[in-house]
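Thanks for coming. I have one structure to go through today, and I will take it piece by piece. Please have a look at it first.

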Amino acid sequence: MSRPISQQRILNVDLTQRRTWAEKVAQDDLVKYLGGRGIAAKLLYERTRGGVDPLGSDNVMVFATGALTGTNAPSSGRSSVTCKSPATGLYLKVSVGGHVGAELRYAGWDYVVVSGTASGPVYLWIDDEHVEIRDARHLWGRGTRETDDLLKAELGDEAIRTAVIGPAGENRVLFSCIMVTRYNSASRGGVGAVMGSKNLKAIAVRGRGGLSCASGKEYYALAGQMRRKLAADSGSESLYNWGTSGSIPGLDEMGMLAAYNFSRVAIDHSERLSGQYLLDQGYLIGRESCFGCSTACHRYVRTLTDEWGRVRDAGPELETVLSLGAECGITDTEALLVANRLCNDLGMDTISAGHVISWAMETYERGILDKESTDGLDLRFGNAGAQHTLLNRLARREGAFADLLANGTRHASQEVGRDSGTWAIQAKGLEQSAVDTRAAKSYALAFAVNPRGPDHLMTETFAEFGFTQESRDVIREITGDEAYANPRLTEKRADIVRWHEDVYGASEALGFCVFTSTAAFAVNPRNMAQLFSLGMGVPLDEKQLMLGGRRMVTIERCFNVREGARRQDDVLPWRMMNEKVPTGTNAGMLTDQAMLDGLLDQYYALHGWDVATAVPLRSTLARLGLAELCGDVALEG
Amino acid sequence: MEAEILNLTLDVAKCTACRACELACSFAKEGFFSPSLSRIRIMQAHEAGLNVPIVCVNCASAPCIPACPTGAVYRDRTVPVVRIREEECIGCGECIRACPFGAVDRPQCKEVALMCDLCDGNPACAPECIYGALTFDPKRQPAEAKRWATAKVIAARVREK
């Protein structure tokens, strides 16, 4: 009927042997690594060795739920998928909302660890304690929505929650994603290709059990309090009203609206990309929550003219309208709704898909690519029709050009040559999210040291802008002075980044959406630690919680060191380090190599890592209790 | 005059499927979190982009009452709701078959049917719905509020076409 949330269970799935077995997480590990992202980091480190082929059977995928997922803790329904990335050859953690994490916990499982490769297409069916590896040949090649429908029909239960890949994941597109409960995407780093390489089309879950907390009533009351505080936050209101793309007008005003493959910071008619426009023009037909969320930033939208196709589906996020929209020179709302649906249905990350295409568009406009090399596509900026055709071809690697782009911009620009790498918006092999790191120095540092590549989804330092009193308070708490809430300063950036890494990691381990703790601040280290204690029946204070976050970041770093990554890999895309912001309030700004080096020196020293190589020191690992786990890669000192 | 019937008021268009009501209900009734044991359930109608809460509406004719062979299902007079005397319920499922909404159910792990009883007039779920999809106001019952809610849903559907 119900089990304590502190009793964490792993479902191991070996697809090669077609075998599944249960395992328990040690209580000490739960306190040390806090759950979700933390336990996943440990499991991946232990169960892979350096140099494994990301698309081979030795790569391991860890599906992890948050330690508080399935309870009334606000917006705590998020899960993560962790593996080695085929795009970067480095550590990959992706986070995702929706309902599948809670369902998995109610089924009695907190982690699913998938290893090996099935001999043919299969899916995993988890029906409470009953676990089955089933034939998926009839699902192979199908879109994510249809797969979800077919699974529900085949298993005879509409309440099933799924995580599925589309054709892009099957075809090992290096920016393919996993779609979760239809609308939510575990997006980055080619996580879908890893699933595809294992011949695993889907995971379907039905859970009927329950979860209990050690101090139930106190837990329920505190979580409820946090929930109301979060709902009252001004940031939550904006996210509810307009979704994540409600910040388009703000970005425009700040001169930070990435456009035309980051060669500009503004675009005409940018309002057509905004959540405000979706609402005002009648595109918005519903607001959706992830499990247990009090914000509901997710959208449900429709097309009005069906000029580009008919959409009744999930709405586009901010990063989607920037990457597939402004970066490609497209502001046609209807075309974007269709591009978004295409990516979701084919199973592709919109950030990378957008930036692969925006790179191709710039290369085409410079005359380096022509219609012959693009398999007949007129890839000028703004050509939405060509973009849609290319998205379809990318997912199936149809034609030589799509096959080239399906390996990402790093690979494509190396093949095309002629300096095209200087406008490939990637580092470590991952396309940068559409955040301008030239004028925000904590962001620049955080993106450069991000183990999976340059984006805002391993940690985010929104507070450095100091937009609200709450953010200025956070900066004062970290640095002692709220004057440091200024994104143009380089002082104290390492302190700001590391604090956010700790909080972000802890939030994700517990299952919280990071909006709750690093954009709004109603969820904070103090109440997270309290809630963890009440839920698990194990005392944990704020400092220990932050250390848990630190451990994750350190294991993730060690994983990359084991793969051979060093200080020189912690960079930003060439354009972000060599071309100044062209116009607007940030005109002339840049985070060049010399400035980045200064930031990196601060950051590695603060972490207790060797400043020359960025390798963690043995004494640092010992202090964190990680000497046994990661000691193999440490430097003496 | 209409017989007094207490009800939750549902505004389908506002529901985001956060399922806080399911958590509140299962916690209030069972002491732990389990949507399967919640007396209110959120159904996601993906194609329409709508989420629909399903819960006992305490209908006047209440077909579950005559369907029950043991007389366990009855209309309470203190709090005007339809409820189930658990000690008399034999778990036969007749009330489940009789309910036109699917608002009554017997989960696998239970021997008795589960039905919303409005927590004796102080429902745990309604205050947790921060989106306003689920409200409870004994003074404004139930027709007017429901007319508004229904009108909005129909309007949304018509606009959709």
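I will go from the domains to a sheet, then to a helix pair, and end with the contact between the chains.

First, the ground rules. This is a predicted model, in which local features need pLDDT of at least 70 and side-chain atom pairs count only at pLDDT 80 or more, while totals for chains, interfaces and linings use all residues. Residues are numbered from 1 along each chain as its sequence is written, and chains are lettered from A and ligands numbered from 1 in the order in which they are written.

Now the domains, whose bounds come from an automatic or database domain assignment. Chain A has domain 1 (2–212), domain 2 (233–415) and domain 3 (441–633). Between the C-alpha centres of domain 2 and domain 3 of chain A there are 28 Å. Their contact involves 15 residues of domain 2 of chain A and 13 residues of domain 3 of chain A; two residues are in contact if their C-beta atoms, placed from the backbone, lie within 7 Å. On the side of domain 2 of chain A that touches domain 3 of chain A, eight residues are nonpolar, five polar and two charged. Here Ala, Val, Leu, Ile, Met, Phe, Trp, Tyr, Cys and Pro count as nonpolar, Asp, Glu, Lys and Arg as charged, and the others, Gly among them, as polar.

Chain B splits into domain 1 (1–55 + 118–161) and domain 2 (57–115). Their C-alpha centres lie 19 Å apart, and the contact takes 13 residues from domain 1 of chain B and twelve residues from domain 2 of chain B.

Next, a sheet in chain A. Helices (H or I, at least four residues) and strands (E, at least two) are DSSP runs, numbered from the N terminus, and two strands pair if DSSP finds at least two bridges between them. The sheet is open, has six strands in the order β9-β8-β13-β10-β11-β12, and its pairing is mixed. At the edges are β9 and β12 (184–186) of chain A, each pairing on one side only.

How do the neighbours of β8(A) run, parallel or antiparallel? With β9 (residues 130–135) of chain A, β8 (residues 122–127) pairs in the antiparallel sense over six bridges, and Asp127(A) is opposite His130(A). Two residues lie between these strands in the hairpin, where Asp128(A) has a positive phi near 50°. With β13 (residues 200–206) of chain A, β8(A) pairs in the parallel sense, also over six bridges, and Val122(A) is opposite Leu200(A).

Now the helices. In contact are Lys441(A), Ser442(A), Leu445(A) and Ala446(A) of α17(A) with Arg493(A), Ala494(A), Ile496(A) and Val497(A) of α19(A). By class, that contact has five nonpolar, one polar and two charged residues.

Last, the two chains. Their contact takes 27 residues from chain A and 25 residues from chain B. On the chain A side, β14 (210–212), α7 (216–232) and β15 (284–288) each supply at least two residues. Which element gives the largest share of that side? That is β15(A), with four residues. The chain A side has ten nonpolar, twelve polar and five charged residues.
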